[in-house]
Amino acid sequence: MVEGRHWRIPREVEDIIDGIKSMRIRGAGKIARSAAEALKIAALKYRGDLKEFTPYINYVAHKLIRTRPTAVSLPNAVFYVISRIKDLTGEDARETVIKAADEFITLSKKALDRLSEIGAKLIKDGYVIMTHCHSTAVVSVLQKAWNQGKSIRVINTETRPKFQGRITARVLASIGIPVTHIPDSSVRMFINRVDMVIVGADTITSDGHLINKVGTSLIALAAWESGTSFYSATEFIKFSPASFAGGDVIIEERSPLEVVSEDWIKANPKVNVLNPAFDVTPPEYITGFITDLGVIPPKAAVLVIKEMFGLESGYMQLKLIEEEYAIE
Ligand code: RUB
């Protein structure tokens, strides 16, 4: 157990928190499922006064939400669980957290399965598909198409500076899918050789903007210019109810040391190095979102929010983040 400010947080929960911060646990879907798992463990292992359970679990929720700022699947997961105990206390609240966390994980895995079936239908035999970064949702679509016997090939980017593209290349190769690994900067050279682009999603706003790994918007632009279809494969948990309520999406700014070395920075003190982790792709460049509900045109993003969360949930989520989680 690790000492929290008021409460003792189980070591496994601290591990998940550190794992998300350090990107050992990464990708918006996995982050969300891990956050739900952390809330479940925190509830299961709680040995304190049951009267204190609700503030304790809110404290854990607050710590989880603060790990990384961009993927909305994280607050969506936490909100899914925490919103269910708003009128509960003690043992009832504890049991509800455990049940809701399990429910969220199951729902999110089912969504992944369903969207892979829908996405695979868009892929024809012989297609060449470009992807960027490492997205579990994209890999599941590609794997489904491959398992259906479609002879596909993939062109995938390195995804600097953290090279998540290497994970994608390794995973696809292990499945047996032929994969060609390219530098990010060569995308425009290869875009005419692909039939479609599929990337993942960290957040989708109510007006259809896609926030995903930095470089996504350049690929979308190249795809648009060349008339190539550009899809994002995404579970419903990447849609942002808070954006409907006017909430901003914060683009994570990571350390320059992921881009250049400390020695290089010291040798070039006048150079400002920036490292944004995500970028924003406008709806005009997006053919559709491949979701568990179907293929959604970007302008219909708000309908997914309405259907899956309810339009009021955005206001509630923002309030919860701003007020209840304002625990220092
Ligand atoms: C990962 C990334 C992925 C989305 C979707 O960024 O941008 O495309 O998170 O992934 P990072 P998934 O490596 O910085 O977390 O489909 O697995 O949810």
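How many salt bridges does the rule find in this structure? The count comes to 15 salt bridges, a salt bridge being a side-chain nitrogen of Lys or Arg within 4 Å of a carboxyl oxygen of Asp or Glu.

1. Basis of the note. The model is predicted: local features need pLDDT of at least 70, side-chain atom pairs count only at pLDDT 80 or more, and totals for chains, interfaces and linings use all residues. Residues are numbered from 1 along each chain as its sequence is written, and side-chain values use heavy atoms, with hydrogens and water left out.

2. Domains. The chain is assigned domain 1 (2-111) and domain 2 (121-308); such bounds come from an automatic or database domain assignment. The C-alpha centres of domain 1 and domain 2 are 27 Å apart. To their contact, domain 1 contributes 18 residues and domain 2 contributes 23 residues, where contact means heavy atoms within 4.5 Å.

3. Buried area. The size of an interface is often given as the accessible area lost when the parts come together. Between domain 1 and domain 2 about 1600 Å² is buried, with carbon and sulfur atoms giving 59% of that area; buried area is the accessible area (1.4 Å probe) that two parts lose on being put together, summed over both. On the side of domain 1, the residues that lose the most area to domain 2 are R26, T70 and V72, which together make up 33% of what that side buries.

4. Polar and charged pairs across the interface. Two salt bridges are found between domain 1 and domain 2. The count of residue pairs in polar contact between domain 1 and domain 2 is 10, both residues being at pLDDT 80 or more. A polar contact is a pair of N or O atoms within 3.5 Å; within protein, one must be able to donate a hydrogen and the other to accept it, and residues adjacent in sequence count only if both atoms are side-chain atoms.

5. Composition of the domain 1 side. The elements giving two or more residues to the side of domain 1 that touches domain 2 are α2 (28-44), α4 (73-82) and α5 (90-122). Helices (H or I, at least four residues) and strands (E, at least two) are DSSP runs, numbered from the N terminus. The residues of that side comprise nine nonpolar, five polar and four charged. Here Ala, Val, Leu, Ile, Met, Phe, Trp, Tyr, Cys and Pro count as nonpolar, Asp, Glu, Lys and Arg as charged, and the others, Gly among them, as polar.

6. Individual salt bridges. E235 and R33 form a salt bridge in which the closest N and O atoms are 3.4 Å apart. Another salt bridge joins the side chains of E12 and K45, at 2.5 Å from N to O. This pair links distant parts of the chain, 33 residues apart: E12 is in helix α1 (residues 11-22), and K45 is in the loop between α2 and α3 (53-65).

7. An open sheet. Three strands, in the order β7-β8-β10, form an open sheet with antiparallel pairing; two strands pair if DSSP finds at least two bridges between them. Strands β7 (203-204) and β10 (278-281) are the edges, each pairing on one side only. Four bridges join β8 (residues 210-213) to β10, and I211 stands opposite V280 in β10.

8. Backbone points to inspect. The peptide bond between R160 and P161 is cis, with omega about 0 degrees; P161 lies in the loop between β4 (153-157) and α7 (164-175). C133, although not a glycine, has a positive phi of about 60 degrees, and C133 is placed in the loop between β3 (128-131) and α6 (136-147).
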